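Here is a short briefing on one protein model. Please view the sequence and structure first.

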Amino acid sequence: EDKVSIILTADSGNMAGISESSILISHMENIEVWGHDMRTQFCEQVVHGTLAGHPVLLVTTGIGHDRAGLCLRGLLSVYHKSTREILFIGTGGISPAKGGIVNSDNCSAVSPAAETETTLIGDVCVSAMAANWDCHQCSWPQRVESACGPLPCHMFGRADLFGDWGCMYITDAALADEVLEASQTLDLPKPSAALRETIDHFWHGMSVGTGEPYSDHLRSNPRIFDYTECAEATSNTFWVGTPYDELGRIYVADIINSAFHGDLYTKAYIPKRTLSSPRTKRDTVSFSAMEGAGWMEVIALEEVYLHYDPIPAVNIRGAADYVTPPLQRSKNGNWDEMSSYMESLSGGDNLTVLGYGFAIETTSQIVLNLFQHRSALLMDGASPRSNVRRRVGR
């Protein structure tokens with residue numbers, strides 16, 4: 001019997017009236033919706049069928065890292081040996097620019113528009129890792145005068161208190177490499193006219209507020225960021241704000257550097273992508289989302305406690321909105337967030353609702369393209385990539 005690919009999604013449509021699994025299920029055949037039993041008791045929905053001829057379980061876990069972890073554990077308790085791989089697709093908030101717009105080590109400066117890669121709603125992160133945002137120690141700030149300022153938080157360096165896998169989850173990058181390779185010739189769609197208007201409104205505000213012409217340097221189409229430049233910062237908290245984004249990018253840089261300097265990426269599996277220099281908050285993109293650390297923890301715990309063979313896994317996140325409002329410099333030289341500027345757009349929901357649907361579209365296209373690519377290779381007599389070795393968490 002062919003092994004099955006488990007495709008995880010979180011939201012059944014509560015956020016914006018469209019399920020994260022809706023596009024993929026429309027391309028599936030031989031569909032069977034499973035009822036709730038010992039396999040599916042913690043999942044919102046499990047659909048068995050084929051995608052481009054390959055057997056899949058398309059799963060809605062429910063929102064949050066607890067729901068994602070419980071759902072996957074129930075499935076793997078029965079299907080671990082017959083699972084080929086795990087792909088998570090979902091939406092989240094994205095840094096407005098690779099490296100941020102302002103950084104607290106030099107608040108007098110703003111990232112130059114001509115030298116800054118701004119992000120676009122619909123951009124996708126294909127990553128083999130996730131950082132647990134909640135695994136940090138924070139002190140109470142004495143005062144907050146500017147949106148540009150470091151948060152008094154840091155990963156507290158006691159991962160051992162969590163059993164050596166509570167803060168960072170790093171998996172073999174083979175499946176991520178396969179997804180990225182299959183996507184090399186994939187052209188992601190442009191945002192709709194309504195979404196484009198909303199995106200342009202955001203960047204007009206950022207351009208006016210900072211004095212940098214970001215609006216003149218925006219891309220037309222979304223792009224795919226890879227695991228050398230992006231990752232998910234998982235939290236059940238919807239964090240929004242410039243200091244939070246900076247902290248997220250710090251954690252993303254930390255986990256990427258940890259991956260590429262650890263045994264997994266230097267001995268067990270050599271990724272196809274390399275780092276020319278260590279990552280920092282100034283060259284990374286953070287995705288704010290809620291499930292990555294939850295389902296990745298389940299895989300790590302099974303390997304440690306149950307001595308299960310590793311399962312290939314990849315986290316595919318699409319940008320549904322920005323994690324910071326536009327910024328403007330106040331008269332005293334501090335930075336203020338223009339929250340009211342975004343609220344002027346239909347109560348502030350336009351970017352989230354339209355962006356959410358578009359992020360589902362771009363991530364779904366990447367997964368669908370992967371399975372179609374595999375089918376094409378099989379027809380040509382080629383063999384898809386071999387599976388992975390192991391994963392670690394810390």
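This is a predicted model: local features need pLDDT of at least 70, side-chain atom pairs count only at pLDDT 80 or more; totals for chains, interfaces and linings use all residues.

Residues are numbered from 1 along each chain as its sequence is written, and side-chain values use heavy atoms, with hydrogens and water left out.

**Nonpolar cores**
- The largest nonpolar core holds 51 residues. A core is a set of buried Ala, Val, Leu, Ile, Met, Phe, Trp, Tyr and Cys residues joined through side-chain atoms within 4.5 Å; buried means under 20% relative accessible area (1.4 Å probe, protein chains only).
- Helix α5 (residues 242-261) contributes most to this core, with seven residues. Helices are DSSP runs (H or I, at least four residues), numbered from the N terminus.
- A second, separate core has 27 residues, including L76 and I311.
- I7, M129, Y265 and I316 have the most contacts inside the largest core.
- Beyond four places in sequence, I316 is in contact (heavy atoms within 4.5 Å) with residues including F88, V126 and V367.

**Helix α5**
- Of its 20 residues, 15 are buried.

**E302**
- E302 sits in helix α7 (residues 292-305).
- E302 counts as buried because its relative accessibility is 3%.
- Its side chain makes a polar contact with the side chain of R73 at 2.6 Å. Such a contact is a pair of N or O atoms within 3.5 Å; within protein, one must be able to donate a hydrogen and the other to accept it, and residues adjacent in sequence count only if both atoms are side-chain atoms.
- Beyond four places in sequence, E302 is in contact with R73, L76, H80, H307 and Y308.

Conventions:
Helices (H or I, at least four residues) and strands (E, at least two) are DSSP runs, numbered from the N terminus. Buried means under 20% relative accessible area, exposed over 50%, partly exposed in between (1.4 Å probe, protein chains only).
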